[in-house]
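Subject: Structure for you to look at

Hi,

Here is the structure I promised to pass on.

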Amino acid sequence: KELDSEAGLEANGIGADGVRCLALALERNQSLKEIYLFNNSIGNKGLEYVADLITNKPSLTILGLEQN
């Protein structure tokens with residue numbers, strides 16, 4: 001597995017603002033295949049940011065959003 005192909009951020013309480021920052025930081029990353037955001041209280045606004053993030057990530061195959 002490539003070092004930058006997975007982002008595991010489970011249970012960090014990053015919220016919607018954290019997801020927005022993550023989406024901006026990963027804007028140019030095209031190797032991301034998995035992202036785990038379980039239990040981060042991202043809410044509806046955070047899900048909008050996630051939607052924007054995955055729209056431009058055809059390589060993303062796993063998205064974990066449980067308990068948000």
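This is a predicted model: local features need pLDDT of at least 70, side-chain atom pairs count only at pLDDT 80 or more; totals for chains, interfaces and linings use all residues.

Contact, as I use it below, means heavy atoms within 4.5 Å.

Residues are numbered from 1 along each chain as its sequence is written, and side-chain values use heavy atoms, with hydrogens and water left out.

Overall picture

The protein has two helices and three strands, and from the N terminus on they follow the order β-α-β-α-β. Helices (H or I, at least four residues) and strands (E, at least two) are DSSP runs, numbered from the N terminus. The C-alpha trace spans about 25 × 20 × 15 Å along its principal axes. The radius of gyration is 11 Å, which agrees with the value near 11 Å for a compact globule of 68 residues; it is taken over C-alpha atoms, and the globule rule is 2.2 Å times the number of residues to the power 0.38.

Of contacts between residues at least 6 apart in sequence, 84% join residues at least 24 apart. Buried residues make up 35% of the 68, where buried means under 20% relative accessible area, exposed over 50% and partly exposed in between (1.4 Å probe, protein chains only).

The core

A nonpolar core here is a set of buried Ala, Val, Leu, Ile, Met, Phe, Trp, Tyr and Cys residues joined through side-chain atoms within 4.5 Å. The largest one has 14 residues, and Leu26, Leu32 and Ile35 touch the most other members. Helix 1 (15-25) and helix 2 (43-55) are the elements that give two or more residues to this core. Helix 1 provides the largest share, four residues. Not counting residues up to four places away in sequence, Leu26 touches Leu32, Ile35, Leu53 and Lys57.

Asn29 and Lys57

Which residues does Asn29 touch, not counting those up to four places away in sequence? They are Asp4 and Lys57; Lys57 is also among the residues that Leu26 touches. Asn29 sits in the loop between helix 1 and strand 2 (34-36), and it counts as buried because its relative accessibility is 17%. Asn29 and Asp4 are 25 residues apart along the chain, with 8.6 Å between their C-alpha atoms.

Gln67 lies in the segment after strand 3 (62-64). Its relative accessibility is 65%, so Gln67 counts as exposed. Gln67 and Phe38 are 29 residues apart in sequence, and their C-alpha atoms are 5.9 Å apart.

Backbone angles are worth a look too. Most residues other than glycine have a negative phi. Gln67, however, has a positive phi near 55°. Ala11, which is not a glycine either, has a positive phi of about 50°; Ala11 lies in the loop between strand 1 (6-8) and helix 1.

Best wishes
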